[in-house]
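Dear colleague,

I am passing on the structure below, together with an account of what turned up when I went through it. Please read the account with the model open beside it.

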Amino acid sequence: MAEATAAEEKVSEVLAELAALEDPRAREVNEKHGDDHGVNLGKLRALAKRLKTQQELARQLWATDDTAARLLAILVCRPKAFERAELDTMLRQARTPKVHDWLVNYVVKKHPHAEELRLAWFPDPDPVVASAGWALTTERVAKRPEGLDLAGLLDVIEAEMKGAPDRLQWAMNHCLAQIGIEHVEYRARAIEIGERLEVLRDYPTPPNCTSPFAPIWIGEMVRRRNDG
């Protein structure tokens with residue numbers, strides 16, 4: 001009982017710290033991207049660094065359903081300590097883009113069952129879940145392409161990306177660009193698909209940033225590698 005009370009107090013303390021870091025201007029910017037929190041991510045990372053790894057605290061913070069608390073949970077968790085089924089549940093609970101993105105990149109990619117989850121999520125009827133499968137596939141395209149059907153992936157992208165919901169479309173487009181960047185034998189086809197579908201062609205891109213439009217993205221990354 002005493003342990004449970006201490007744990008609850010710890011969660012309350014952390015939530016109070018997060019509340020103190022709330023910045024209305026940061027919330028306004030984040031909400032434009034679908035993220036309902038106002039905590040500066042640099043300050044969030046500093047708090048996580050001070051707390052260090054605490055798996056049980058991470059689980060309790062996740063259970064609050066608060067976006068800032070869940071981002072912090074991802075930073076203080078031990079990725080390999082989660083069960084596969086637990087990660088599947090967490091992904092389906094991840095309501096906001098930043099939580100979804102961090103969970104996939106900081107936790108799932110480090111998990112021993114990442115490949116099993118990739119295969120399970122890739123064909124999922126929920127486009128947000130499927131986008132996680134595509135993100136894990138893009139990781140493999142770049143780092144461990146052996147066994148992937150790259151031509152088949154391009155077939156799916158060519159047929160489905162144009163009409164896909166935003167999050168899934170973004171993930172498929174990233175995969176398209178990564179195939180073009182990493183695999184010279186598929187580069188011309190990847191660029192041609194991107195040019196024809198025109199997905200993200202007009203996406204507003206800040207100065208000194210690379211456009212997410214696949215033909216430009218591929219060309220720029222290849223140029224940098226050749227220059228290097």
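Leu21 touches Gly38, Val39 and Lys43 when residues up to four places away in sequence are not counted, where contact means heavy atoms within 4.5 Å. This is a predicted model, in which local features need pLDDT of at least 70 and side-chain atom pairs count only at pLDDT 80 or more, whereas totals for chains, interfaces and linings use all residues. Residues are numbered from 1 along each chain as its sequence is written, and side-chain values use heavy atoms, with hydrogens and water left out.

To return to Leu21, this residue is found in the loop between helix H1 (2–20) and helix H2 (24–31); helices (H or I, at least four residues) and strands (E, at least two) are DSSP runs, numbered from the N terminus. With 25% relative accessibility, Leu21 counts as partly exposed, on a scale where buried means under 20% relative accessible area, exposed over 50% and partly exposed in between (1.4 Å probe, protein chains only). Between Leu21 and Asp149, which are 128 residues apart in sequence, the C-alpha to C-alpha distance is 46 Å.

For the chain as a whole, the secondary structure comes to 13 helices and zero strands. Its C-alpha atoms fill a box of roughly 65 × 40 × 35 Å, taken along the principal axes, and 41% of its 228 residues count as buried. Among contacts between residues at least 6 apart in sequence, 64% join residues at least 24 apart. The chain carries 32 positive and 37 negative side chains, and the centres of the two sets lie 5 Å apart; here Lys and Arg count as positive and Asp and Glu as negative, while His and the chain ends are not counted, and the place of a charge is taken as NZ of Lys, CZ of Arg, CG of Asp or CD of Glu.

Trp62, in helix H4 (residues 55–63), counts as buried at 6% relative accessibility. Leaving aside neighbours within four places in sequence, Trp62 is in contact with Arg70, Ala73, Ile74, Met90, Gln93, Ala94, Val99 and Leu103. With one of these, Gln93, the side chain of Trp62 makes a polar contact through the partner's side chain at 2.8 Å, a polar contact being a pair of N or O atoms within 3.5 Å; within protein, one must be able to donate a hydrogen and the other to accept it, and residues adjacent in sequence count only if both atoms are side-chain atoms. The C-alpha atoms of Trp62 and Ala94, 32 residues apart along the chain, are separated by 9.5 Å.

His111 lies in the loop between helix H7 (97–107) and helix H8 (114–121), and is buried, with a relative accessible area of 5%. Its side chain reaches the backbone oxygen of Phe82 at 2.6 Å, and, residues up to four places away in sequence not being counted, His111 touches Pro79, Lys80, Phe82, Glu83, Arg84 and Leu87.

Finally, helix H11 (residues 166–182) has 17 residues and reaches 24 Å from its first C-alpha to its last, close to the 24 Å expected at 1.5 Å a residue, the expected span being 1.5 Å times one less than the number of residues. Because 12 of the 17 residues of H11 are buried, this helix is largely enclosed by the rest of the structure. The buried residues of H11 pack against helix H9 (127–143), helix H10 (150–160), helix H12 (184–197) and helix H13 (214–227).

With best regards
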